[in-house]
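Thank you all for coming this morning.

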Amino acid sequence: MQEHRETAPLTGDPKMLLVDRAMQRVQCRPDALIEVLHTAQEAFGYLSRELLAHVAAVLGIPESGVYGVATFYHFFTLQPPSEHSCVVCIGTVCHVKGGGELKDALEKRFGVREGDTGCDGRLYLGTARCLGMCSLAPVMVLDDLVYGRESPAGSVEKVGRALEVRSDRNGAGRTGRSGG
Amino acid sequence: MSVVTLTMNGRLISARQGESLLQAAREHGIEIPTLCHLDGLEPLGGCRLCLVEVRGSPRPLPACLTQASEGLVVETDTAALVEYRRMIVELLLAERAHTCSVCVRNGRCELQAMAARLGVDHVRFEYRYRLLPLDASHERFTLDHNRCILCRRCVRVCDAVEGAHTWDVCFRGINGRVVSDLDRPWGESTSCTGCGKCVHLCPTGALSRTVDVGDEAARERASLLRILERRAGIREEGA
Amino acid sequence: MTGTELAVLAEAEDRRRRGGEQRLLVCCGSPCMAAGAESVLSALRGRLAASGMATEPDLVGTGCRGPCSRGPLLTVQRRDETDAIFEHATPELAVAVVDALSRGADLPGEGRLPERFPFLTCQTRIVLANCGLIDPDEMGQYIGAGGYNALARVLHDMSPEEVCAAVSASGLRGRGGAGYPTGLKWQLVRKERRDRRFVIANGDEGDPGAYMDRALMEADPHRILEGMAIAGYAVGAEEGYLYVRGEYPLAARRLGKAIAAAERTGILGSRVLDSRFRFRIFLRMGAGAFVCGEETALLASVMGHRGEPHSRPPYPSRQGLWGCPTLINNVETFANIPAVISMGAEAFAAVGTAASSGTKVFALCGELVNTGLIEVPLGTPLRRIVYDIGGGLPDGREFKAAQTGGPSGGCIPAAQLDVPMDYEALQALGSIMGSGGLIVMGEGSCMVDIARYFMGFCMEESCGKCVPCRAGTFELFRMLDRMANGIARPGDMEDLERLCRMVRETSLCGLGMSAPNPVLSTLRWFRDEYETHLRERRCPAGRCAMNGEAVPCPS
Amino acid sequence: MNDPPPRLRLATAWLAGCSGCHMSFLDLGERLVELFSEVDLVYGPLVDGKAYPEGVDVALVEGAVATEENRMLLEHIRARTRLLVSFGDCAVTGNVTALRNYYPTEELLAAVYPAAAGCTPAGPELPALLTRVLPLHQIVAVDAFIPGCPPEPDRIWAALSALRHGETVRLGEEQRTFG
């Protein structure tokens, strides 16, 4: 009963068809779990508990096993994506050139901790070990746009401006991620 | 079943082909320390306390996963091994909150006993001091992540003996922890049968009975260990 | 497709290429794409369409050409003339080039790499022979360059034993880092008495600053497939898995296309090149876990589990995928195989040194005039790579150290600049060949900082299964962090070394065993830097902030 | 005739702990008589005396280091003592005293003392809390460890016997458990 209840809200979702089709394509083989999770995350943007429960049920994998895999790999996220995402590079070069100070300033100003979501869930602040744009250090990526040679004050200002506008994620003309 | 002869700590000992060095040693009164291994569970090789030196091997090998074979020359207690084991236990004590004086398992804890056995009278590393959650949602059992050493006995016994696979490990590295189902509170787990096998096998105070039932628990644990013993026998014959 | 058909196809492709007067190659490797290769390509396409030339030049979007710091790169190939390579190409340049070609005028002189550019001329390209010269999405171009010939030859003229023997005789060693003799590995899998065997290509390159495998997979995917198929034939496997790092979607896309094209034409499938050999390749994507480069963790990941390694023995050659004998080689190793067959084992063995034959691809990064992808014979002195190929450090800065092997490797100091780059020589210096990352550092780099950086990486990537790696890398990182913050305790140096030894000796898999290498190697060559951090609370290179609190705050 | 050997100068100290280790010391009972037949107790909560003297042979230090005052006293003791012994789990591991390290100090003070403003004790007469409670050996060099919460009298006796005879403290397996 419990499982039925958990999967029910999703069965009508057209995005779920993509996931179901992906599972059928691999004949529901449990060893295809990672591929299925890739598809599921692409479709939904993140892996919700309901989604994981459904995948576990269809592939016949214990739920804790699915959860263990979903949390092991960096690519998978269990949190819905927030409206704005800011990633500060803390690779060696950025670290030396003040990436840490950018991060600290943002944490302080917006009351959000690195790796977490703040401002009523509207801002995600993350770090990356190296974005491969060392010549621009320190680098901040705000909503997929790269800002190089950034200062703490500048980063706070840019993030603040982004938060002022209640952007419609789908409507905003977003450029592709550069580098990385 | 064929029998092999090997040398352990300078002594010639016999062992059954295919049995682990850990078992062979134990049968000859040589105790090799371990915190993750239990006969009857799939060997994991995770705690690294049972590492032994085997002639010809460039680095120490886990006795729980190394099969006895003819002519092996094994040392189980060299100065280097003793020091490595000490450091491993110190790392474990520093990793989470193992404050023995306020632990339900004080006096009956395998980690506590291992520390004493290996001569750990203080921890040379800095304690980590990171508070982890405590799950008291189950009506009879409690899970305290602060006491967990990630030996995975619970994961293995739940999967292989009970067949429920309620437990697994989530996240990774220093952030790893055991998890029930999709990280639901244990009490709301849909797969847990409430058999308590995980609790019986937990070496520390991570998994405990919320209410101590004394003799009954001891009887249950003894019966579980007998099941595992038989399982170990079957595994070995199959090997 | 039969071997004869393959030859016909190759000839046709060759004729077609010869027929054209000119070829325009735009590097579409990831760095060049980030620098704007796409716009150069579309400007060329537009201008060519408008130019109305009688024989329109071949326009090819290629994989990595090499000198990534100069991208986007545009190469103009003309019959009987040396290639003209333009650096930092722009749409405006593209227009100018097309106009010059259509008028039969001289190409623009500006922005061209020197004709004998040492970065390119000092290389020996075997694995990268096609890289930057063919369109990776066009199987015909690979075949035109002699591709799949080796597979055809193997299937029709050689027994599996002979193939194994040839690979052994070539002296090829694993390019993933450890340098295990490839032929030996193949023979181990071959002689296991099991019906089902597997071949896995490890494309889970994860060292920060290393991208050889990505470039190879993006630029010449069919070469890897050919190597895998030959391996499948040699070891008796019918299924291959190609595990691509999750961060490389472009590589995965190109490999997927390549597999589909090869299956469509019967190069892969139930009758490979019309022989009785059956071989299929499945693509598996990683999902962001460095430890999956370790072969037993890779196996777990291919089977859909957490990427946790298991103790060896049993080795994958005995018990790999689903308990069956499994051959795991790096993608670069597989890319060498067609060359071993077509050059012949002896000729291949003649390249490089006696113990390390063939070439090695390096991703040359750091403080250098020229950075990018290079391939040199094994045993090439480091000095030649740094100064001849890399052009030395910019602004006449002093060379301080070269880091090889990423988080599993170590640093080579200036005094050892003449070390030949081969497996044993690097190991003797406390570093490793690794997968091919080569980062050059000048005086401004702090060795404690570098050690801390890599330890932090290992800590984050540790799977957590065994205690020494899980808790040991965490503790090592804290010690190094204290040093970098000027709050280390007097005993920390000794503790650091002792813990390094313990983690190296007792960890379950290669990640933990090699995690202390960057520390031990920097301690070996730059001990005084550690001492200065510790005793004088000063960073000689001026990199470390040294502003820690004496008693760290609980976080 | 030879001079009698100089009497061993023993001190005890009480940092951040519950004094349970000292209670356990008193539980040595009649053995205390034997001890003090050849040992002088020169400092500690059990004797009168304000200042820590020079030239102490052995100091048993109970409790963790939680305040600036604890730290100063410990450093003071270290400088004037030949053999410094971490006495009990708080001194050896931080133990219960160190449980506050899991929370920010301000939060704890606000939770423990009445939440109303101004009620949290403060002032120059109160020693400042360290941001972290630490075991002794993370601040000064320690020569021997007597774990236990509290260490049973037998452990203390075993350790003292070794120290009295100038031997290294080597507690048996059962005598060196934490908790």
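Let me begin where two chains meet, with B:Arg128, which lies over the face of C:Phe474 at 4.8 Å from the ring centre. A charge is said to sit over a ring if NZ of Lys or CZ of Arg is within 6 Å of the ring centre and within 35 degrees of the ring normal. B:Arg172 is placed over a ring as well, that of A:Phe72, at 5.0 Å from the ring centre.

Before going further, please keep in mind that this is a predicted model, in which local features need pLDDT of at least 70 and side-chain atom pairs count only at pLDDT 80 or more, while totals for chains, interfaces and linings use all residues. Residues are numbered from 1 along each chain as its sequence is written, chains are lettered from A and ligands numbered from 1 in the order in which they are written, and side-chain values use heavy atoms, with hydrogens and water left out.

A:Phe72 brings us to helix H5 of chain A, residues 63-72, where helices (H or I, at least four residues) are DSSP runs, numbered from the N terminus. Why is this helix described as largely enclosed by the rest of the structure? The reason is that 10 of its 10 residues are buried, among them A:Glu63, A:Tyr67 and A:Phe72. Buried means under 20% relative accessible area, exposed means over 50%, and partly exposed is in between, using a 1.4 Å probe and protein chains only.

Which chains share the most contacts? Of the 5 pairs of chains in contact, that is chains B and C, a contact being heavy atoms within 4.5 Å. Chains A and D, by contrast, have no contact joining them, and their closest C-alpha atoms lie 16 Å apart.

Now to the rings themselves, where Phe, Tyr and Trp (its six-membered ring) pair if their centres lie within 6.5 Å, with planes under 30 degrees apart counted as stacked, over 60 as edge-to-face and the rest as tilted. By this rule there are 17 aromatic pairs over all chains. One of them joins B:Tyr127 and B:Tyr129, a tilted pair at 5.9 Å centre to centre with 35 degrees between the planes. B:Tyr127 is buried at a relative accessible area of 10%, and B:Tyr129 is buried at 7%. In chain C, ring pairs link C:Phe198, C:Tyr241, C:Phe282 and C:Trp322 into a cluster.

My last topic is charge pairs. Over all chains there are 69 salt bridges, each a side-chain nitrogen of Lys or Arg within 4 Å of a carboxyl oxygen of Asp or Glu. In one of these, C:Glu218 pairs with C:Arg214, with the closest N and O atoms 3.6 Å apart, and both residues lie in helix H10 (residues 212-219) of chain C, 4 residues apart, about one turn of the helix. An α-helix has 3.6 residues a turn, so residues three or four places apart point the same way.

The salt bridge between C:Arg452 and C:Asp481, at 2.6 Å from N to O, links distant parts of the chain, since C:Arg452 is in helix H18 (residues 447-461) and C:Asp481 in helix H19 (residues 467-484), 29 residues apart. C:Arg452 is buried, with a relative accessible area of 9%, whereas C:Asp481 is partly exposed at 24%. Finally, salt bridges that share partners join B:Glu83, B:Arg86, B:Glu90, B:Arg124, C:Asp495 and C:Arg498 into one network.

Conventions
Helix = DSSP H or I, 4+ residues; strand = E, 2+ residues; numbered from the N terminus.
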